[in-house]
Every structure is written in C-alpha cells, then in structure tokens.
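Let's take a friendly walk through a protein chain together. Have a look at the sequence and the structure first, and then read on.

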Amino acid sequence: MLPCAFLNTCWRRCNLRRIGMKRILIVCAALLLCGVAAARERGVHRVASCNIRVALPQDEEGGNGWSARKYVCERVMKRCKADIYCLQEVTVGQYEDMCRMFPGYFVFGYPGPETDALPDREYHGIAKNLVMFSKRRYEMTGAGVYWLSDTPLVGGSSSWGTARPRHVNWVRLRDRRSGREFRVLSLHLDHISHEARLAQVRAVEEETSQYPAGVPQVLAGDFNSRPSNPVAGVLAGAGWVDAFVEANGEDAEQMSFHRFEGDAYKPKKGTPGRIDYIFLKGTGIRVVSSALVKDCVGGKYPSDHYFLTADIVIE
C-alpha cells in the first residue's frame, strides 16, 4: 500500500496542473475576447455633431461667452473621443481655436469668399459648419461646399426667405485601416422659417442622391426641427436613417437645445425636443450606439446645445 503522504503529494500536483490549465484557458479566452473587442473597436467610427454656439458679445456679458466656454468646449469634445467632428456656428476666432486645440485633426470648411469679404473678425450673420477628422486615421480624397440657395456656388447666397445664409461643407474620406471611402456632411438649417428649412433640406437631399448606395454618407448638424417635423421626413423618405432613433428606439426623443440651462430648461411653448441629428445612408453603414452628451465643467456647459455622438460601422 502506498503511503498517505505520497498519495497526498500526487493529488496536489494533479490538482495544481488542473488549476494551472484552467488559468491558461481563462487567460486565452480573455485575450481572444480582447482581440475581438479591439477589432470591433478598430472598425467603429465615432462621429460627433457639435453646435458650439456662435461667439457673441452679449453672451460675454451673461457669462456664457466664448472666452469662458472655449476650454469647456475643448474638454467636453475631447471626452467624446470622436474620429470625426461636425461643427456648427463657427466664427473665425473659434475656427482658429479648433485648429490649435485639435492639432491631430484636419479642420475643413472655414475660408471662403464670403468670409474673405468680411470687414473685421466680428460675426456678420455667417457662421460656418466645419468638418474635423483625424489625420492619422483618414485621408481626404475630396471636399467641397455649397450654399442652400438658388445659386449654390455663390458664397454667402441665400434664398427662400431664410433668415441667414446657410451652407453645407462636405468631405470624402478614406479610412486608412480598411480602405473604405465615405462622405461626411455638416449643415445648419434656418432657425426662423419652416418653408426655408424644407427648401434647404430638399436641396441637400437632391445633392446627396447623386451618389450611389455604394458610397456611404453621414449627414450631421442642427436642423432646427424635431424628428416628427416634415423636414426630417424629407430625409427619411429618401432612405436616410436617424442614428439616434435607430440606436435608442422610436420613443427615445430627447431635448438637445437647452439655452445653457441643461435639463432644467423649459421652453415657453410646447415640450422640449431634439433638433440635432446624425443621419446615415448607403450600403454597409449602420449605427452601433448613439447618445446626447450632457457633460458640463464646473457647472458650465460648452454650448446651448447638447452634443450628439454616434458610433457607426461601415462594412
């Protein structure tokens, strides 16, 4: 008969081998999951739509001027960790700040004849809709601007009773990782006239419909209208998908404009609603998640709008 001590030693060694094997299997499984997660993360493009609020002297008097907000805006935008930012309401000083604060991004869409003609650096009713993208991840293969008017190639032109000249800046990007190309458009529709907004979004739909389904497109910006409005319906009827609704459900409508008051804001008429969007169109493009960014720093918001993000996959 074998001694008990010898049997105990053998049992312990076998048990340790089993435990060691289990640990190896667990580590291998974890590494495999991490690899899958990393691969999934590499395939995701994070887009952020940010109406940063035009720099106005009256906002300075009220404590919400750009001089007080720009560092808050920088921190909140960098927390988003977006690959692509679509900005609205950008004036020259804000454009220069973005170039300085985001050196790893190409900032497209500010210079033009309409801004060259301005007599000074003040806001004269024309603010730009920029597209910023990671220079490390993307190569720009095309870009352009058109004005939402009867004369779309005339800088600063306006039509249809719009209160401000409105435009679209767009870029065509190639993902350096996958080689996939897609378009990104940033826009801001009129804030006064419903008829102008309808005409403007129809012009956008007409321009974007020129592209085949094999060229995915991302359209982001401030539409100054809620999801139930006919303005959004124009895009839905043309096959565009509202990323926020697609990711969160039909009943997920939330407020995106808040007058620097956050969730405490209550409109004088009606109920709050979302007016900022990221729309998707094309073959192989889909949303993974989408959210409103309600961050503030020291009680101060970066804008009178919440920013909006969407994680998208282009297959």
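## The chain as a whole

The accessible surface of this chain comes to about 15600 Å², and 55% of that area belongs to carbon and sulfur atoms. Keep in mind that what you see is a predicted model. The chain has 315 residues, of which 50% count as buried.

The chain contains eight helices and 12 strands. Among contacts with a separation of 6 or more, 74% are between residues 24 or more positions apart.

Let's begin with strand S12, which spans residues 307-314. Are its residues buried or exposed? Eight of its eight residues are buried, so S12 is mostly covered by the definition of under 20% relative accessible area.

In a regular strand, side chains alternate between the two faces of the sheet. You can follow this in S12: Phe-307, Thr-309, Asp-311 and Val-313 point one way, while Leu-308, Ala-310, Ile-312 and Ile-314 point the other way. The residues of both groups are buried.

S12 also has partners. It pairs with S1 in the antiparallel sense over six bridges, and Arg-46 stands opposite Asp-311 of S12. S11 and S12 run antiparallel too, joined by eight bridges. There, Leu-292 has Leu-308 in S12 as its bridge partner.

## Salt bridges across the chain

How many salt bridges does the structure hold? There are 19. One of them joins Arg-53 and Asp-304, whose closest N and O atoms are 3.3 Å apart. Arg-53 sits in the loop between S1 and helix H2, and Asp-304 in the loop between S11 and S12, so this pair ties together parts that are 251 residues apart in sequence. Both Arg-53 and Asp-304 are buried.

Another salt bridge brings together the side chains of Lys-70 and Asp-97, at 4.0 Å from N to O. Lys-70 belongs to helix H3 and Asp-97 to helix H4, and the pair links distant parts of the chain, 27 residues apart. Lys-70 counts as buried because its relative accessibility is 17%, and Asp-97 counts as buried because its value is 11%.

## A partly exposed pair and a network

Next come Lys-294 and Asp-263, which form a salt bridge with their closest N and O atoms 3.5 Å apart. Lys-294 lies in the loop between S11 and S12, and Asp-263 in the loop between helix H8 and strand S10, so the pair ties together parts that are 31 residues apart in sequence. Lys-294 counts as partly exposed because its relative accessibility is 30%. Asp-263 is partly exposed as well, with a relative accessible area of 49%.

Salt bridges can also join up into a group. Here, Glu-139, Arg-172, Arg-174 and Glu-181 are linked in a network of salt bridges.

## Cysteines without disulfides

The structure holds zero disulfides. Cys-73 is buried, with a relative accessible area of 0%.

Cys-80 counts as buried, at 6% relative accessibility.

Key: Residues are numbered from 1 along each chain as its sequence is written. This is a predicted model: local features need pLDDT of at least 70, side-chain atom pairs count only at pLDDT 80 or more; totals for chains, interfaces and linings use all residues. Side-chain values use heavy atoms; hydrogens and water are left out. Helices (H or I, at least four residues) and strands (E, at least two) are DSSP runs, numbered from the N terminus. Buried means under 20% relative accessible area, exposed over 50%, partly exposed in between (1.4 Å probe, protein chains only). A disulfide is a pair of cysteine sulfur atoms within 2.5 Å. Contact means heavy atoms within 4.5 Å. Accessible areas come from the Shrake-Rupley method with a 1.4 Å probe; for residues, only the protein chains shown count as cover. Two strands pair if DSSP finds at least two bridges between them.
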